[in-house]
Amino acid sequence: MPKNNFVFSKKMKLFTLTVIGVVIGSFVVVSPHKEDSKSKSLTFSSEQEKEHRRAQEEEDSKLADSRQQSGMEDTAVQQASLPNLNSMKEQYDKQISDLLKRVSELETGHKKHPAVQFLTYKDKKRILVTGGAGFVGSHLVDALMFQGHEVTVLDNFFTGRKKNIEHWIGHENFELIHHDIVNPIYIEVDEIYHLASPASPPHYMFNPVKTLKTNTMGTINVLGLAKRVHAKVLFASTSEVYGDPEQHPQDEEYWGHVNPIGPRACYDEGKRVAETLCYSFAKQDHVEVRVARIFNTYGPRMHMSDGRVVSNFILQSLQNEPITIYGAGNQTRSFQYVSDLVDGLLALMNSNYSLPVNIGNPEEHTILSFAEIIRNLIGTSSKIVLLPKMEDDPQRRKPNITRALTYIGWQPKVGMLDGLNRTIEYFKAELSHAKRKESFNVYGHSASKKSLDQDLAKFSDRKQHNTL
C-alpha cells in the first residue's frame with residue numbers, strides 16, 4: 001500500500017474513534033439529567049398527593065363532627081326505641097332459625113318424628129280417623145300413632161287444622177287425606193273412629209244442613225265402608241242426645257228431651273239419627289259398632305273461637321275482658337280433660353261391649369262457679385257479666401259412668417285444676433302467637449293497631465253462646 005493511503009486510513013480511524021467517544025460521552029452526561037428530571041417529577045407528584053390527602057382528611061373530620069352533632073339530638077329517641085328493636089330482632093332471629101330448620105328438614109328428607117312403638121305386621125292395625133285433624137281427633141291420632149298403628153286421617157278442615165297433626169306428616173305410618181266424608185271414601189282399613197262433625201254451637205249452627213248431612217250421609221258412608229272391608233266402627237256421639245234432660249244424672253237408658261226444631265236440633269237430632277244408623281247396620285249387615293256419648297271436653301288444641309265455655313272464659317280472662325255468662329249462671333256442666341276422653345275411646349273400641357257408653361267426668365259445677373275458678377287461676381280482674389239465656393240451653397248436665405266403669409274399666413284421672421292449668425298455658429301461647437303474627441308482617445314492618453285489634457276481636461267474639 002502507498003504511504004499516503006496508509007496515513008489517510010490511520011486518520012480516518014482516529015476520527016471515527018473520536019466521534020464514537022463523543023457520542024458515548026453524551027449518553028453519560030445526558031442520562032443523569034433525565035433521571036434527575038424524572039425524580040423531580042415524582043417528588044412533585046408525591047407532595048401533591050399528600051396535600052390532597054390532607055385536605056380530604058380535614059373534610060372528613062368536619063363531616064364527622066357535623067354528623068356527631070346531629071346524632072346527639074336523636075340519641076334519646078334512639079335509646080327509647082332500642083328495646084323494641086332488640087325485641088323485634090330476637091323475634092325475627094327465632095322465626096328465621098325455625099324456618100331454616102324446617103327447610104333443612106325438607107331438603108334432607110329426614111324429618112324428626114316422635115318415637116313410636118314397634119308393632120309386627122300381625123299386631124299393627126290400619127286405622128281410619130275421620131275428623132282426625134280436629135281438637136279431639138288429633139289427640140286420638142297421637143295415641144294411636146304412639147301405639148305403632150298405621151293411621152289415616154280424613155278431614156275437610158272446616159274446624160280441623162293441619163297444625164294439630166303436622167308433627168306426623170311424612171311418618172311411614174301416617175297418611176292425611178283431604179276429604180269430606182259426605183262423599184264416599186274407598187280405602188282398606190281394620191278400624192274406624194268416626195269423629196267427623198262440628199261440635200261447638202257456633203260451628204254446627206253456621207250451616208245446619210251441612211251438619212245434618214255430615215252426621216247422616218257421612219255416617220252412612222262410614223258404615224258402608226266398614227261393611228265392605230269388615231272393619232269395626234266407633235261412632236263419637238254426644239251428651240246432646242239427652243237434650244235438656246229431665247233425668248239427673250243421665251244414664252244410657254235415658255231417651256232424652258230434645259226439641260226437634262230448635263236451633264240446636266241440627267246437631268242433637270243428627271247425632272241421634274247417626275246412632276240409629278249404627279245399630280241398623282249392626283242388626284242388618286252385622287257391622288261391629290261402638291257408640292261413645294261424649295260429655296263436655298276441654299284441653300290443648302281447642303279452637304280459640306269455638307264459643308264453648310272453657311275457651312270463652314280463658315280467653316276473656318287472659319285479655320282482662322268481661323267474662324260473659326248466658327243466663328243466671330246456675331246451669332251445670334261436667335268437664336273432662338281430653339286425655340281422659342281419648343283413653344275412654346280406646347278402651348271402648350278394644351272392648352266387647354256394643355251398647356252406648358257415657359264418656360265424661362261426673363264432677364259437676366255451675367257455670368258461675370266455673371268462671372270464678374278460671375278467673376282465680378289466671379289472676380285477672382275480669383268482671384262477670386250475665387247476658388240473656390240462650391234458647392234450648394240445657395240446665396243440668398252430669399254423666400252416670402257406671403256402665404263405663406263396669407264394662408270397659410274406664411274412669412277419668414285428670415283433676416279439673418290440673419287440666420285447666422295445662423289448657424290455660426296452651427291458650428297463653430296461642431294468644432301470644434296470634435298477637436305476634438299480626439304485629440309484624442313478613443317484611444318486618446309493624447302492622448296497624450286496627451288490624452291487630454280486628455284479629456283479637458275475631459278470637460274474642462262472644463256473640464255466639466257458650467253453652468257447650
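The structure is a predicted model, in which local features need pLDDT of at least 70 and side-chain atom pairs count only at pLDDT 80 or more, whereas totals for chains, interfaces and linings use all residues. Residues are numbered from 1 along each chain as its sequence is written, and side-chain values use heavy atoms, with hydrogens and water left out.

The protein chain has twelve helices and 13 strands. Here helices (H or I, at least four residues) and strands (E, at least two) are DSSP runs, numbered from the N terminus. Of the 468 residues in the chain, 43% count as buried; buried means under 20% relative accessible area, exposed over 50%, and partly exposed in between, with a 1.4 Å probe and protein chains only. A contact requires heavy atoms within 4.5 Å. Among contacts between residues at least 6 apart in sequence, 81% join residues at least 24 apart.

Strand β5, residues 232–238, is mostly covered, with seven of its seven residues buried. In a regular strand the side chains alternate between the two faces of the sheet. In β5, Lys232, Leu234, Ala236 and Thr238 point one way, while Val233, Phe235 and Ser237 point the other way. Strands are taken to pair if DSSP finds at least two bridges between them. Strand β4 (residues 191–194) runs parallel to β5 and is joined to it by four bridges, with Glu191 standing opposite Lys232. Strand β6 (residues 289–294) also pairs with β5 in the parallel sense, over six bridges. Within this pairing, Val233 stands opposite Val289 and Ser237 opposite Arg293. From β5 the chain crosses through helix α6 (residues 265–285) to β6, forming a right-handed β-α-β crossover. A crossover is termed right-handed if, with the strands pointing away from the viewer, the path from the first strand over the helix to the second runs clockwise.

Strand β6 is largely enclosed by the rest of the structure, because six of its six residues are buried. Val289, Val291 and Arg293 point one way from β6, and Arg290, Ala292 and Ile294 point the other way.

Several backbone features occur in loops. The loop between β5 and α6 contains Pro249, and the peptide bond from His248 to Pro249 is cis, with omega near -10°. His286 lies in the loop between α6 and β6 and has a positive phi of about 60° although it is not a glycine. With a relative accessible area of 69%, His286 is exposed. A positive phi, near 55°, is also found at Asn320, a residue other than glycine. Asn320 belongs to the loop between α7 and β8 (323–326), and at 46% relative accessibility this residue counts as partly exposed.

Two helical residues illustrate contacts beyond the neighbours within four places in sequence. Ser138 lies in helix α3, residues 135–146, and counts as buried because its relative accessibility is 0%. Outside that sequence range, Ser138 is in contact with Gly132, Ala133, Asn164, Ile165 and Arg301. Leu377, in helix α9 (residues 367–378), counts as partly exposed because its relative accessibility is 31%. Beyond its neighbours within four places, Leu377 is in contact with Leu417, Leu420, Asn421 and Ile424. Leu377 and Asn421 are 44 residues apart in sequence, and their C-alpha atoms are 7.5 Å apart in space.

The second largest pocket has a volume of about 840 Å³. A pocket is an open set of points on a 1 Å grid over the protein atoms alone, where a 1.4 Å probe fits, with protein on both sides within 12 Å along at least five of seven lines; lining residues have an atom within 4 Å of a point. Grid points are joined across faces, edges and corners, and the volume is the space filled by probe spheres set on the points. Of the 48 residues that line this pocket, Leu195, Ser197, Pro198, Ala199 and Arg308 are the closest to its centre. The elements giving two or more residues to the lining are α3, β2 (150–155), α5 (208–229), β5, α6 and α7 (309–318). By class, the lining has 19 nonpolar, 21 polar and eight charged residues, where Ala, Val, Leu, Ile, Met, Phe, Trp, Tyr, Cys and Pro count as nonpolar, Asp, Glu, Lys and Arg as charged, and the others, Gly among them, as polar.
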